[in-house]
Amino acid sequence: MQNPEAFPMRSLFDLVRRHADDRSDRSGFAPTPCRGLGAVRVLYPGELQVTVQKPLIAICLQGRKRVTMGTNSFDYGAGEALVITADVPTISQILEASPAAPYYALALELDAALLRTLTTEADLPPVDTAPICIEPADADVMDAALRLMRLMDRPAALPVLGEALLREMHYWLLTGHHGAAIRSLGGTDTHAHRIARAVALIRQDYANTLRIGDLAAVAGMSESSFHQHFRAITTLSPLQFQKQLRLIEARRLMLMDSQGIAHAAHRVGYESVPQFTRDYARLFGSPPGRDMREARLSA
């Protein structure tokens, strides 16, 4: 007898594949009209992609991917879901994909305000957990996602039913396999929630000198406690976190805005271009000049 959980996954795969094949951009992302929801299609194993990831869940439907945060790496494949519950710099790479069997995934940005409402309504205790985890995709989550994707062919129904299905999907996430991790986003006084306030400040002011006392005050912690919990949640120190933000933004400026190396380095807060070049090569695997040539050649 076939596993009944295979049916929603197979149907979800068919809908995601059709949507992604029709609408994916050069990066492989295919947005939907539904808030925060998108499909992903990648045809080949790829280079490392470094970004600051917003809280999300990504359900892999075909292929395999690796995500690295700090010193920890996570591989996941078809039938598994990646959950990220903090704004953290990540390095990702598609491991398995081909034109005959592309990598397909469905990604949903998590709505922290909605999670807080549901956590209160369902009286779920908030917890502090690691910001990245891999678990089997929950059948209830996939069923809600399946019904949401079906609305892509019924645009008149999406404004009426879409928000209710998003709410349902968030509820099943809170109570399913990923519940413990996602509840950290729903809590109002967890360490993760406090560190998130400091992370927002770093992201807003990453090009300027960090004052740990200011960050600790925003988080409502002593400096020693702030350092401890910041590293536990992000696996990085505040200064390392800021450095990765600067380098990621500098790469965007050079690649998307065609800015020169020295100009990009100064824009993100570096005073020394040689130091910027060394830090850049450590994060991205090659110095900025070579990386830009290879990225443009690949594009």
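Analyst: A polar contact is a pair of N or O atoms within 3.5 Å; within protein, one must be able to donate a hydrogen and the other to accept it, and residues adjacent in sequence count only if both atoms are side-chain atoms. By that rule, five residue pairs, both members at pLDDT 80 or more, are in polar contact between domain 2 and domain 3.

The model is predicted, so local features need pLDDT of at least 70 and side-chain atom pairs count only at pLDDT 80 or more, while totals for chains, interfaces and linings use all residues. Residues are numbered from 1 along each chain as its sequence is written, and side-chain values use heavy atoms, with hydrogens and water left out.

The domain assignment (bounds from an automatic or database source) places domain 1 at 5–186, domain 2 at 191–235 and domain 3 at 241–298. The C-alpha centres of domain 2 and domain 3 are 24 Å apart. Eleven residues of domain 2 are in contact (heavy atoms within 4.5 Å) with eight residues of domain 3.

Between them, domain 2 and domain 3 bury about 690 Å² (accessible area, 1.4 Å probe, that two parts lose on being put together, summed over both), with 70% of it on carbon and sulfur atoms. On the domain 2 side, the residues that lose the most area to domain 3 are Ile-202, Tyr-206 and Ala-207, together 62% of what that side buries. Salt bridges (a side-chain nitrogen of Lys or Arg within 4 Å of a carboxyl oxygen of Asp or Glu) number zero between domain 2 and domain 3.

Two helices (DSSP runs of H or I, at least four residues, numbered from the N terminus), α6 (191–204) and α8 (223–234), each supply at least two residues of the domain 2 side that touches domain 3. Helix α6 gives the most to that side, with three residues. By class, the domain 2 side has six nonpolar residues (Ala, Val, Leu, Ile, Met, Phe, Trp, Tyr, Cys and Pro count as such), three polar and two charged (Asp, Glu, Lys and Arg are charged, the others, Gly among them, polar).

For context, the structure as a whole holds 15 salt bridges. The C-alpha trace of the protein chain spans about 60 × 50 × 35 Å along its principal axes.
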